[in-house]
Amino acid sequence: MRKELTNKLGTVSLAALLLAVPQLATAQEADVTPLNADIGFIFTTFMFLVSGFLVFFMAAGFAMLEAGLVRGKNVAMQLTKNMALFSLASLFFYILGYNLMYPGDGWTIQNVLGAFSVTALEPVGLEGVEADLTYASVGSDFFFQLMFCAATASIVSGALAERIKLWPFLVFVIVLVAVIYPVQASWKWGGGFLDAMGFQDFAGSTVVHSVGGWAALTGAIILGPRLGKYKDGKVNPMPGSNLALATLGTFILWLGWFGFNGGSQLYMDTSGNVADISRIFSNTNTAAAAGAVAALILTQLLYKKPDLTMILNGALAGLVSITAEPLTPSLVSATLIGAVGGVIVVFAVPLLDRLKIDDVVGAIPVHLFAGIWGTLAVCFTNSAASFSVQLTSIVIVGAFVTVASAVVWLVLKAMFGLRVSEEAEITGLDRSELGMEAYPEFSGS
């Protein structure tokens, strides 16, 4: 009886095995587990896309920050400028800027001027090409780098608010994103002559932030201050319309900065790279917090009351300061670097007022002054950095951007004029330039 039962079980097992063989073969044929080389390519590409999403959200942060810090009669204009500049950057960076910035072997002038060509993505499914699996897809890299380019233009927007004409500003944006920003960025990130000198700028304290700051400073000087801002030797405060929006914008920028700095690790193909990305996140957050706290304490000491706008800009200055080197500092070092950025803002804002340079949102102290500090601070934590090289690179980039921006601003001023009329400025750009208002129920008309 036992032998008969054993035979029956053996027959059933054999039949089950025979039935399973085709299914196992099918499963093996459907196995699409990537090779090790593909896995690194996949993870790095994914990192660029997610980081790009975060940096894209910074466009909303800039829009909300500016909308909150301008007066109510100019809010719709600032929102219009931010929508337009991001859209223009998205188009002109692929038309010209990306290959100027990353020419590969196609330099027009070796290590100085990149390639003049339209960006081309890989074919669908990488069909028919030998893809470079040591890095990431062209589409993800282009998308990520585009977000940095657009952020540079947003810096200029806030500084020149409330008195610049829309269309001349947008023409300047096109030149900035298509030529000025990509050319100088190629000198470092495209493997140009600054990179060969040993210049260190991990995520762009100089390449992104100071470039926006230099362009904004040049524009603010040529454009002149708002009507009534400096009168009879006094600085007349012009409070923003909505500090809640400004605070929201700051937190959005803070969030986006994790993609800004974290994605600049450029690789997520090893455990070491992933650990470094987490280190960058922690240092970035710490520097922002230190900048905010430094501005909070310092404004209390200087003015006997904390100043929210200074605290917001202190956080942003801390972020800009750590951007040149968010990887190598310890948490203590990141705290000190960010705190100095917050202190810089508190002293730089009144300095600009004494010079009668009108910066509506504090973009120049945050992005230019703190950007310079952050670039020099690299020397304290990164042994590969040289103070003389860092300083020389700051001067070279600053000179190029200032001269190029001044030429564009002055040409636009001669051809079209930069400022709106006095009547339009007094009425507000929303009604005079757009014929609509952000807060029509409060206009009193």
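In this predicted model, D358 and R226 form a salt bridge in which the closest N and O atoms are 2.7 Å apart. D358 belongs to the loop between α11 (331–354) and α12 (363–381), while R226 belongs to the loop between α7 and β1, so the bridge ties together parts that are 132 residues apart in sequence. D358 is buried, its relative accessible area being 1%. R226 is likewise assigned to the buried class, with a value of 4%.

R226 also takes part in a salt bridge with E162, at 2.5 Å from N to O. Here E162 is placed in the loop between α4 and α5 (166–188), and R226 in the loop between α7 (205–223) and β1 (230–231); the pair therefore ties together parts that are 64 residues apart in sequence. E162 has a relative accessibility of 1% and counts as buried. Through shared partners, salt bridges join R71, E162, R226 and D358 into one network.

The whole structure contains 5 salt bridges. One of them brings together the side chains of K188 and D195, at 3.0 Å from N to O. K188 is buried, with a relative accessible area of 11%, whereas D195 is partly exposed at 35%.

Attention may now turn to the aromatic residues. The model holds 19 aromatic pairs. In one of these, F53 and F143 are arranged edge-to-face, with 5.8 Å between the ring centres and 75° between the planes. Since F53 lies in helix α2 and F143 in helix α4, this pair ties together parts that are 90 residues apart in sequence. F53 is partly exposed, with a relative accessible area of 49%, and F143 also counts as partly exposed, at 23%.

A stacked arrangement is found for F251 and W254: their ring centres are 5.9 Å apart and their planes meet at 15°. These two residues are 3 residues apart in helix α8 (residues 243–262), which means that about one helical turn separates them. F251 counts as exposed, at 53% relative accessibility, but W254 is buried, at 16%. Ring pairs also link F48, Y135, F144, F148, W189, W257, F260 and Y267 into a cluster. A charged residue faces a ring elsewhere: K81 lies over the face of F169, at 4.7 Å from the ring centre.

The nonpolar interior comes next. In soluble globular proteins, nonpolar side chains tend to be buried together. In this model the largest nonpolar core has 108 residues, and Y181, F260 and W409 have the most contacts inside it. When neighbours within four places in sequence are left aside, the residues in contact with Y181 include F93, M101, F148, W189 and V208. Another core, of 6 residues, lies apart from the largest one and has A287, A334, I337 and A377 among its members.

Two further positions complete the tour. S154 is located in helix α4 (residues 138–159) and is buried, with a relative accessible area of 5%. Beyond its neighbours within four places in sequence, S154 is in contact with F62, E66, N82 and L85. N36, by contrast, is exposed, with a relative accessible area of 69%. N36 is found in helix α2 (residues 36–69). Between N36 and F281 there are 245 residues in sequence and 26 Å in space, taken from C-alpha to C-alpha.

Conventions. Residues are numbered from 1 along each chain as its sequence is written. This is a predicted model: local features need pLDDT of at least 70, side-chain atom pairs count only at pLDDT 80 or more; totals for chains, interfaces and linings use all residues. Side-chain values use heavy atoms; hydrogens and water are left out. A nonpolar core is a set of buried Ala, Val, Leu, Ile, Met, Phe, Trp, Tyr and Cys residues joined through side-chain atoms within 4.5 Å. Buried means under 20% relative accessible area, exposed over 50%, partly exposed in between (1.4 Å probe, protein chains only). Contact means heavy atoms within 4.5 Å. Helices (H or I, at least four residues) and strands (E, at least two) are DSSP runs, numbered from the N terminus. A salt bridge is a side-chain nitrogen of Lys or Arg within 4 Å of a carboxyl oxygen of Asp or Glu. Rings of Phe, Tyr and Trp (its six-membered ring) pair if their centres lie within 6.5 Å; planes under 30 degrees apart count as stacked, over 60 as edge-to-face and the rest as tilted. A charge sits over a ring if NZ of Lys or CZ of Arg is within 6 Å of the ring centre and within 35 degrees of the ring normal.
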